[in-house]
Each structure stands twice: as C-alpha cells, then as structure tokens.
Amino acid sequence: MQLQIQQQQQQQQQQQQQEQELIDPEAPNTLDEFIVDLLKKPQERLFLLKLEKDLESFINNDQMTRLDLPQMNSYQRLMVHKVAPYFRLSHFYEPLRKSVYLCKNQYTAM
C-alpha cells in the first residue's frame, strides 16, 4: 500500500514538472540530437517511424485526449519521452504497466 502511495506521489511530481516544462517558451521545435542519431539505426528507426505515425493520428483525433502506449522496454520508453516534447505532449510513465501514456494539452501541435 505504501509503495503505491509513493508511486502516485512520484507520478504527480513528474506531471507537475512536465507541465512546468510545457509552459517554457523555449520548448523544442527541433528533435533532440539523441533522436536524430537513433534515426540512423534501422531497428530504432522503425520504432520511431511507427511512433510518429501513432502520434500524428492521436493529435489529429479530436475525440482522444490520452494515448496509452503498449508495454515497452526502458530504451523505448526513453525514446517516447524524448519525442513527446517535440509535439508538446505531456508524457507520463506508468510503473505498474511499464508503459508510457501521453496526453494532449493546450500547447500540443503537429
């Protein structure tokens, strides 16, 4: 029970920090260098291209406000966390499912 409470508190802190980052007027309008380097690797490139397609569909769908991504390894989750700010999406880690979910906000854009 105490572990769940700690995880919820950590998640809330992460959410607050990410919301603060979204208010930053210097939010990235270019991809992180880490992602640019990953695009040169075939396996990661496939993952990132699929992720981009999923994010475009999500952003363009006015009915959806949250996108739950499937379970991923830590490296894939890192990639999602690096790409999400480019689209100005809020991104959160769900430890019990070992997955990431993304939420739209007032700054989200293609």
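## Burial of isoleucine 59

A residue is called buried when its relative accessible area is under 20%, exposed when it is over 50%, and partly exposed in between (1.4 Å probe, protein chains only). Isoleucine 59 has a relative accessible area of 12%, so the residue counts as buried. This is a predicted model, where local features need pLDDT of at least 70, side-chain atom pairs count only at pLDDT 80 or more, and totals for chains, interfaces and linings use all residues. Residues are numbered from 1 along each chain as its sequence is written, and side-chain values use heavy atoms, with hydrogens and water left out.

Isoleucine 59 belongs to helix H3, residues 42-60. Helices (H or I, at least four residues) and strands (E, at least two) are DSSP runs, numbered from the N terminus. The C-alpha atoms of isoleucine 59 and threonine 108 are 7.6 Å apart, although 49 residues separate the two along the chain.

A salt bridge here is a side-chain nitrogen of Lys or Arg within 4 Å of a carboxyl oxygen of Asp or Glu. The rule gives 6 salt bridges. One of them joins lysine 50 and aspartate 54, at 2.9 Å from N to O. Both residues lie in helix H3, 4 residues apart, or about one turn. Lysine 50 is exposed at 53%, and aspartate 54 is partly exposed at 27%.

Arginine 97 forms a salt bridge with aspartate 68 (3.8 Å, N to O). This pair links distant parts of the chain, 29 residues apart: arginine 97 is in the loop between strands E2 (90-94) and E3 (99-103), and aspartate 68 is in strand E1 (residues 66-68). Arginine 97 also pairs with glutamate 94 (3.5 Å, N to O), and glutamate 94 is buried at 18%. Arg66, Asp68, Glu94 and Arg97 are linked in a salt-bridge network.
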